[in-house]
Amino acid sequence: MTQNSYPKVSIIVASYNSADTIKECLQSLLALDYPRDHVEVLVMDGLSKDNTVKIAEQLGVKVLSINLSAPAAYNYAQKIVSHPILGFVDSDAKVEPEWLKKLVGHLDETMVAGVSGAIETWNQANPWAKSIGYELKSRYQRIGKYTSRIATMNLLLKKSVIEEAGGWDENLPSQYDTDFGHRIAKRGYKIAYEPSAVCYHYNRPTLKAFYRQQLQYGKNTLRLYLKHGKLAKGDEITDIGMNLQPLLLLSAVVLFCLGFVPSLRLLWIGPPAILMGMLLYFTYLALKISHRFHDWSAMRLVVLYFVRSIAWFNGAVTITIAHLSKRGKKP
């Protein structure tokens, strides 16, 4: 492509209390090896209480502060940006200078609605973050040349396809990207995957932060599957094994509770057997990833897998109770 033949792109960054990462995120976008007049960057900030907005404005980036969830912010932003290609980059991510050039060529392909790059770990020095990164990277390596959905962490989409699909589902504060991918796939579109285009993500640095993130995923994953039941069978990024883990925990809880009935005491054998089976499975997965990346510190994934399963289970239970409570209040 010549300099003038590159498509014009509007990159949207949704942020909230992102002061620790927003500067490097935006600096990476401003330093893209791409015609400068072909790129606009818009920060959609959800009324941050830290210095996120101040940092962005100091870099000369346009900021719109409004109390919206990420999907609602995207729907709002696409109405006011200038260009036909929309880029989505998380506020806790940064991209390499060639990222955009490596991606845009795929948009000329027939029925390709968008394209995404690979994900590496930004905060490699943190042991938990590094292990999370290994697991995420191994899941992305299962993607072929095309996929039906991918995270908005680093993604380009044709604005026309977003509009055709009816935009982002604002009832899903997370998992809206999976929902969107499913809806455009039903229309025959696909998303290209370009592993040479690298995005660096700041993974959760503590177990507490990881749990809180996954708790929200658990809540919205149940909402997603209630909307699109077929998605529960999994895909390249979220396989069936991940979806079964909260159900296994539910089974352990049910068996434990039933065991209080004197005639059913033998059911108390079930919970430890289920947990031991999960431990063995998690150990197997962690060993595979440790071997793949030649780093035995990735065995921390055994702990992370348990934390994620518990968070998804708690998230699903929370949403179920809230749903039943609402139904019970109806006249």
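**Pockets, patch and salt bridges**

Reply: Helix α9 supplies the largest share of the lining of the second largest pocket, six residues. The model is predicted: local features need pLDDT of at least 70 and side-chain atom pairs pLDDT 80 or more, while totals for chains, interfaces and linings use all residues. Residues are numbered from 1 along each chain as its sequence is written, and side-chain values use heavy atoms, without hydrogens and water.

Me: How much space lies in the second largest pocket?

Reply: A pocket is an open set of points on a 1 Å grid over the protein atoms alone, where a 1.4 Å probe fits, with protein on both sides within 12 Å along at least five of seven lines; lining residues have an atom within 4 Å of a point. The second largest pocket holds about 350 Å³. Of its 16 lining residues, L222, N243, P246, L247 and A316 are the closest to its centre. Two or more lining residues come from each of α8 (207-227), α9 and α11 (301-329).

Me: Which residues make the nonpolar surface patch?

Reply: Such a patch joins nonpolar side chains (Val, Leu, Ile, Met, Phe, Trp, Tyr) within 5 Å, from residues with over 30% relative accessible area and no salt bridge. I240, L244, L247, L250, V254, L258, V261 and L264 make a patch of about 610 Å². I240 lies in helix α9 (residues 240-258) and is partly exposed at 40% relative accessibility. Buried means under 20%, exposed over 50% and partly exposed in between (1.4 Å probe, protein chains only).

Me: How many salt bridges are there?

Reply: Side chains of opposite charge can pair when their charged atoms come close. A salt bridge requires a side-chain nitrogen of Lys or Arg within 4 Å of a carboxyl oxygen of Asp or Glu; the count is 14. In one of them, K227 meets D169, with the closest N and O atoms 2.6 Å apart. K227 is in helix α8 and D169 in the loop between α6 (159-164) and α7 (176-186), so the pair ties together parts 58 residues apart in sequence.

Me: Is D169 buried or exposed?

Reply: D169 is buried, with a relative accessible area of 14%, whereas K227 is partly exposed at 39%. Both belong to a network of salt bridges that also links D179 and R183.

Note on methods
Patch = residues over 30% accessible without salt bridge, like charges linked within 9 Å, V, L, I, M, F, W, Y side chains within 5 Å. Areas by Shrake-Rupley, 256 points an atom, 1.4 Å probe, with all protein chains shown as cover. Helix = DSSP H or I, 4+ residues; strand = E, 2+ residues; numbered from the N terminus. Points joined across faces, edges and corners; volume = space filled by probe spheres on them.
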